[in-house]
Amino acid sequence: MTATSRSTGVAAACALALALLFGSSVRAQTTCKAPSSECVVVGKLDLSVGLGLGDRSNPVRGESSIPLVVIPQLSYYGRHFFLDNLELGVTVHESDTTTLNLIATPGYDRVFFYRNDLQNFFVGGAPYATGIAPLAPSDQPEQQQVFPVRRRHTTYLAGPEWLFDYEGISGQLDALREVTGEHEGYEVRGAIAVPLLKNAGALVVNTGFTWKSAALVRYYYGVDGLYRPGDAWNPFVKLGYSRPWSERWSLNAFVHYEYLDRAVADSPLVSDHSVLTVFGGVVFKIL
Amino acid sequence: MRAIHEPLRCVAVRPKVIRRAVTLLLACCVSSVGSSAAAVESGETLRLELQPRVCTLTANEPYCDTTVRAQWKSPHDESLCLVIVGRPDIRRCWENFSAGLYQVELTFNEDLIVELRDPQLQRVLASEAVTVIREALRLRRKRRQPWNILY
C-alpha cells in the first residue's frame, strides 16, 4: 500500500466517520430568525474590516512571517449563490441542519510564497513575489545552494461542500479538485466547530484537517529533480473568541495552529513543521 | 335583529303572549335604537388621528424612531387623557377642551397603540395604532469557515 493510497484511505475514512457520527442523527435546530453572526440576510452585501495586531508564521525557508493588521471581510449571500471573500458557490440543498454547496475556493498554500497573493491582501507590508528561492539543505546548513523554483500561479479548487449542525456543533467537509489547469490536484477539508462559551462572548474551538494530494503538494513544495513529495495530511486546531460591543463593533481574537505533514515539512523549501497564526483586534461592520 | 324576529314567530299563539311579545318588541326596538344612537354618537363625536399611521422597518432598522403626532377633536368640550399602551410614562390630559394635539418623539418596534381615556383612565373613549411593518427578510445560515482569518 503506497503512502498516497493510505492517506487517501484515511481521509475517506474520516469523512465517512464524520458523516456517520453527525449525518445519521442530526436533530432539528432553530432556524434563522434574526440577523446574527451565523445568520445573514439574503441579498444583502456584508462588508467589515478587522483592525488589530497579528501574525502568521511562514514555514517556507527564507520567507518572513505574514503580519495581520487590516483584514477586510466581504460576503454576499443570495438565495442560492454566495460570495464569501475569495470563495464563491451555489447552494443546491439547504435544511435546518444540513447544507450542500458547490464551491470554488483559492488554493491556500500560495500565500506562503507570494505576499501579493489576494489571500494576503491588506494584511500589511509591501507586496513582493518570490521566483527563485535560495535553498539551504538541512544537512549542509553552511553551504548555500540555489535551485530554480517554478512560479506558483493562483489556483482555484472546486467541488461539493457539506455543512451540518448537531446540537450546536457545526461540521464542514469539502472535497475539492484544482480546476485552473495548474496541477489538477485534490484537496479534502474537514472541520468541526464546538462552542465553549456563549454568554460572555462566543468562544469556539475548531479542529479539523486538510488532506492534499501528491500532485498538489508537489506543485507547491516539490523541487524538480530533488524532492518529489507524496500527499499530505495537515491537522489543525483553532481557538477563537468574539464579543460584540455594539451593532457595528466587536472584539475578536484567535489562535490557529496547523501541523504540517512530513511530505510538506521535509521539503527543502520548508523550514518549519507548523504554521501558527494569532490575531487580536476589533472588527468594524461597514455594511 | 334576531331579538326582533323571534317574538314575531309567536304572533298566532295567544293574545297574552302577543301583548308580551309586542311589549318585548318595542322594548327591544327602543333599546336597539338607543344603543345605535350611542354608537353613532361616540363614533362621530370624538375623533383621534395619528401621524404616521404606519412605520416600515428595513433590514437595517431595528426600531422606528419617529415623532408621533396625535390629534383629537370633539364637537363639545371633553375632559380626557391621552395614553400610550405599554408606556406609562407618557400621559397628556385635557380638561374641558374640544380639541387637542400632542407630539412626542418615540422609539418602538411593535405596534404603538394610542388611547383617549376618561380622566380616571378607566374607560377607553377612542383608540388608534401606529402599525409597524417589517420588510420581509429572508435569512439563511452563513457558512462556517474555520480556515478563514476572522471566523
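Visitor: Which strands form a hairpin in chain B, and how many residues sit between them?
Guide: This is a predicted model, and in it E5(B) and E6(B) make that hairpin, with 6 residues between them. In the turn, B:Leu121 has a positive phi of about 65°.

Visitor: Do they run parallel or antiparallel? I mean E5 and E6 of chain B.
Guide: Antiparallel: strand E5 (residues 112-117) pairs with E6(B) over 6 bridges. One pairing to look for is B:Val114, whose bridge partner in E6(B) is B:Glu128.

Visitor: And what about strand E2 of chain B, parallel or antiparallel to E6?
Guide: That pair is parallel. E2 (residues 54-57) of chain B is joined to E6 (residues 124-134) of chain B by 4 bridges.

Visitor: OK, over to chain A. How many strands are in its closed barrel?
Guide: There are 12, with antiparallel pairing, in the order E2-E3-E4-E5-E6-E9-E10-E11-E12-E13-E14-E15. On average, neighbouring strands of this sheet are turned by 20° against each other, direction ignored.

Visitor: How many bridges join E10 to E11 in chain A?
Guide: 8 bridges, between E10 (residues 169-178) and E11 (residues 186-197), running antiparallel. There, A:Gln172 stands opposite A:Ala191 in E11(A).

Visitor: I clicked on A:Leu51. Where is that?
Guide: A:Leu51 is in strand E2 (residues 45-56) of chain A.

Visitor: Is A:Leu51 buried or exposed, or what does it count as?
Guide: A:Leu51 counts as exposed because it has 12 C-beta neighbours inside 10 Å, and 12 or fewer is the cut-off for that.

Visitor: And which residues does A:Leu51 touch?
Guide: Leaving out residues up to four places away in sequence, A:Leu51 touches A:Val70, A:Gly281, A:Val282 and A:Phe284. Also, its C-alpha atom is separated by 5.7 Å from that of A:Val69, which is 18 residues apart from A:Leu51 along the chain.

Visitor: New topic: how many residues does each chain put into the contact between A and B?
Guide: Chain A puts in 31 residues and chain B 16 residues.

Visitor: Which element of chain A gives the most there?
Guide: E3(A) gives the most to the side of chain A that touches chain B, with 4 residues. The residues on that side of chain A divide into 15 nonpolar, 10 polar and 6 charged.

Visitor: Which strand of chain B pairs with E1 of chain A?
Guide: Strand E7 (residues 139-141) of chain B pairs with E1(A), in the antiparallel sense and over 3 bridges.

Technical notes. Residues are numbered from 1 along each chain as its sequence is written. Chains are lettered from A and ligands numbered from 1 in the order in which they are written. This is a predicted model: local features need pLDDT of at least 70, side-chain atom pairs count only at pLDDT 80 or more; totals for chains, interfaces and linings use all residues. Helices (H or I, at least four residues) and strands (E, at least two) are DSSP runs, numbered from the N terminus. A residue is buried if 20 or more other C-beta atoms lie within 10 Å of its own, exposed if 12 or fewer, and partly exposed in between; C-beta atoms are placed from the backbone. Two residues are in contact if their C-beta atoms, placed from the backbone, lie within 7 Å. Two strands pair if DSSP finds at least two bridges between them. Axes are lines fitted to C-alpha atoms, for helices over the stretch in contact, and angles run from 0 to 180 degrees between N-to-C directions. Ala, Val, Leu, Ile, Met, Phe, Trp, Tyr, Cys and Pro count as nonpolar, Asp, Glu, Lys and Arg as charged, and the others, Gly among them, as polar.
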